[in-house]
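Student: I am new to this one and want to know what the terms rest on. May I ask about them as we go?
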Amino acid sequence: MTGERPLAETLENRLMGQGIYLTDWDREGSVVDLEYETVANVPSVTSHEVGVVVRTVLEIADEREEWTSVTLEATSKTTDGDVRGTWYVDADWFDRLYDDLSEVEFSQRVLETVE
């Protein structure tokens, strides 16, 4: 779509309303490395924040004609910059979602990557 905002900018704008603030975005080939801060007062990554980020990426991907799946590597930080944890989504999982991978299986795979 012409005039479309860059993916990072669109993601940042949509996540802000959910209390998640994109602080860094780097794409190298088919891997997107993103860092975000969350105002959640818990010491580690929550399934809720992972779900919000993944659902938002999927919504944006669904809106874009030229979306190609990427491996998403995420780092969650506190507002003080301390790392709360990491997680990822393999590009293959995005490709297989709704094909031979159910939403439940997809979610389980992603949540199993949380460290």
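Tutor: Start with two strands: E3 and E4 pair in the antiparallel sense over six bridges. Strands (E, at least two residues) and helices (H or I, at least four) are DSSP runs, numbered from the N terminus. This is a predicted model, where local features need pLDDT of at least 70, side-chain atom pairs count only at pLDDT 80 or more, and totals for chains, interfaces and linings use all residues. Residues are numbered from 1 along each chain as its sequence is written, and side-chain values use heavy atoms, with hydrogens and water left out.

Student: What makes E3 and E4 a pair?
Tutor: Two strands pair if DSSP finds at least two bridges between them. E3 and E4 have six bridges, so they pair. Glu 73 stands opposite Tyr 88 in E4.

Student: How many bridges join E2 to E3, and in which sense do they run?
Tutor: Seven bridges join these strands, and they run parallel. Tyr 36 has Ser 76 in E3 as its bridge partner.

Student: Which strands form the sheet, and in what order?
Tutor: The order is E1-E2-E3-E4, four strands in an open sheet with mixed pairing. Why are E1 (20–28) and E4 (83–89) called edge strands? Each pairs on one side only. From one strand to the next, the twist averages 15 degrees.

Student: Why is Ser 76 called buried?
Tutor: Set its value against the cut-offs. Buried means under 20% relative accessible area, exposed over 50%, and partly exposed in between (1.4 Å probe, protein chains only). Ser 76 is at 0%, so it counts as buried. Its strand is E3 (residues 71–77). Six of the seven residues of E3 are buried, so the strand is largely enclosed by the rest of the structure.

Student: Which residues does Ser 76 touch?
Tutor: Contact means heavy atoms within 4.5 Å. Leaving out residues up to four places away in sequence, Ser 76 touches several, including Tyr 36, Thr 38, Val 45 and Glu 49.

Student: Where does Glu 49 sit, and is it buried or exposed?
Tutor: Glu 49 is in H2 and is buried. Other buried residues of H2 include Val 50, Thr 56 and Ile 60. Asp 62 lies in this helix too, but at 68% it counts as exposed, because that is over 50%.

Student: How do you know that the span of H2 is close to what is expected?
Tutor: The expected span is 1.5 Å times one less than the number of residues. H2 (residues 47–63) has 17 residues, and 24 Å is expected. From first C-alpha to last, H2 reaches 24 Å.

Student: Where does H2 lie relative to the sheet strands?
Tutor: H2 lies across E1, E2 (31–38), E3 and E4, at about 40 degrees to E4. Such axes are lines fitted to C-alpha atoms, for helices over the stretch in contact, and angles run from 0 to 180 degrees between N-to-C directions.

Student: How many aromatic pairs are there?
Tutor: The structure holds two. Rings of Phe, Tyr and Trp (its six-membered ring) pair if their centres lie within 6.5 Å; planes under 30 degrees apart count as stacked, over 60 as edge-to-face and the rest as tilted.

Student: Why is the pair of Tyr 88 and Trp 93 called stacked?
Tutor: The centres are 5.7 Å apart and the planes are at 20 degrees, so the pair is stacked. Trp 93 is buried at 12%, whereas Tyr 88 is partly exposed at 35%.

Student: Why is the pair of Phe 94 and Phe 106 called tilted?
Tutor: Their centres are 5.8 Å apart, but the planes are at 50 degrees, so this pair is tilted. Phe 94 is in H3 (residues 91–96) and Phe 106 in H4 (residues 103–112), twelve residues apart. Phe 94 is buried at 8%, and Phe 106 is buried at 4%.

Student: What makes Tyr 98 stand out in its phi?
Tutor: Most residues other than glycine have a negative phi. Tyr 98 is not a glycine, yet its phi is positive, about 75 degrees. Tyr 98 is found in the loop between H3 and H4 and is exposed at 60%.
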